[in-house]
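This report describes a predicted model.

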Amino acid sequence: MYSSSSFQGNLYGFSNQEPQRAPIGVFDSGVGGLTVLRQLYRQLPHESMVYFGDTARLPYGIRSQAEILQFVRDILDWMQHQHVKMVIMACNTSSALALDIVRQEYDIPILGVILPGAKAAVQQGKRIGVIATPATAKSNAYRQAIQEIDPNVEVWQVGCPEFVPLIEQNRIQDPYTTEVARGYLEPLLQQDIDTLVYGCTHYPLLAPVVRSLLPPQVKIIDPAVHVTTACAQELDLLGLSNTHPPLPTRFAVSGCPQQFAQSAVQWLGCTPLVEAVDFGLPVSQLQ
């Protein structure tokens, strides 16, 4: 169970007869999901949002499937308590390892980032590289999704264990980060890829570094853009699109609120008010 002084009961006070006004829940292991949140602001400006970063347990990319599944259940239970109308897993590792399972367990619409990203990649190229967390790369989720759409497309995946910690530590401009990125991209460039997929929502935050290391003809796919489009379509299909003015986004984390706020400000353009949520985590689950 969890506790939070600011997130008890019906978060926004909307009526049960007005499900359209309920917020969309977005979660990730840390700041990476802000790339999805920014797309939601751009494409769905009328929607209210609740953002959760599981910062006490990041990075997810080195975790087992059993751990990820438990983390996702913790977060979805909390999201349901906030009365969200839909949840976006703004986390490729969770999408790869837990999405199909929790969709059977929860009666709320849950969207993942992998299928929208795979569809967009197939529309762009035939030689596709994927940079991802080790867990996502090991799952082969992108290769399977892409080749189910088009079996003739070739896919290469590279696990990038250092990217998420470097981003969370705000070391994007560090020359070391560029050297790390060069090492991860080299095997893909040797395969003459024509398209690169950001297989982790943190990675668009590295866009200046990645773009500088790629030939100009290589197209980059950001699944955050495409899962937001899928979200808009799903809301419309379910009759859940909000037509009222949106309420301020609520931010919560399982770790240090101040640290998250400091990291988030450069991506949001403002310093968010961030609340702490206590899942009562055992020491074995913490980083």
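## The largest pocket

Helix α5 supplies 6 residues to the lining of the largest pocket, the largest share from any element. The space in this pocket amounts to about 590 Å³. Its lining consists of 26 residues, and those closest to the centre are L99, G112, I114, L115 and P116.

The elements that each give two or more residues to this lining are α3 (92–97), α4 (99–105), α5 (114–124), α7 (141–149) and α11. By type, the lining residues divide into 15 nonpolar, 7 polar and 4 charged.

## The sheet

An open sheet is built from 6 strands with parallel pairing, in the order β4-β3-β1-β2-β9-β10. Strands β4 (110–111) and β10 (274–276) stand at the edges; each has a single partner strand, so one side of each is left without a neighbour in the sheet.

Strand β9 (residues 250–253) runs parallel to β10 and is joined to it by 3 bridges. Within this pairing, F251 has V274 of β10 as its bridge partner.

## Helices on the sheet

Helix α11 (residues 223–238) packs on the sheet and touches β1, β3 and β4, with its direction at about 165° to that of β3. Helix α1 (residues 34–43) lies across β1 (24–28), β2 (49–53), β3 (86–89) and β9, and runs at about 170° to β2.

## Helix α12

Which residues of helix α12 (residues 257–268) are buried? They are P257, F260, A261, S263, A264, W267 and L268. These buried residues pack against α1, β2, α8 (163–168), β9 and β10. After α12 comes G269, which has a positive phi near 80°.

Conventions:
Residues numbered from 1 in each chain as written. Predicted model: local features only at pLDDT ≥ 70, side-chain atom pairs only at ≥ 80, totals over all residues. Heavy atoms only, no water. Pairing = 2+ DSSP bridges. Helix = DSSP H or I, 4+ residues; strand = E, 2+ residues; numbered from the N terminus. Contact = heavy atoms within 4.5 Å. Axes fitted to C-alpha atoms, helices over the stretch in contact; angles between N-to-C directions. Buried < 20%, exposed > 50% of the residue type's maximum accessible area, 1.4 Å probe, protein only. 1 Å grid on protein atoms, 1.4 Å probe; cavity = no way out; pocket = protein on both sides within 12 Å on 5 of 7 lines; lining within 4 Å. Points joined across faces, edges and corners; volume = space filled by probe spheres on them. Nonpolar A, V, L, I, M, F, W, Y, C, P; charged D, E, K, R; others polar.
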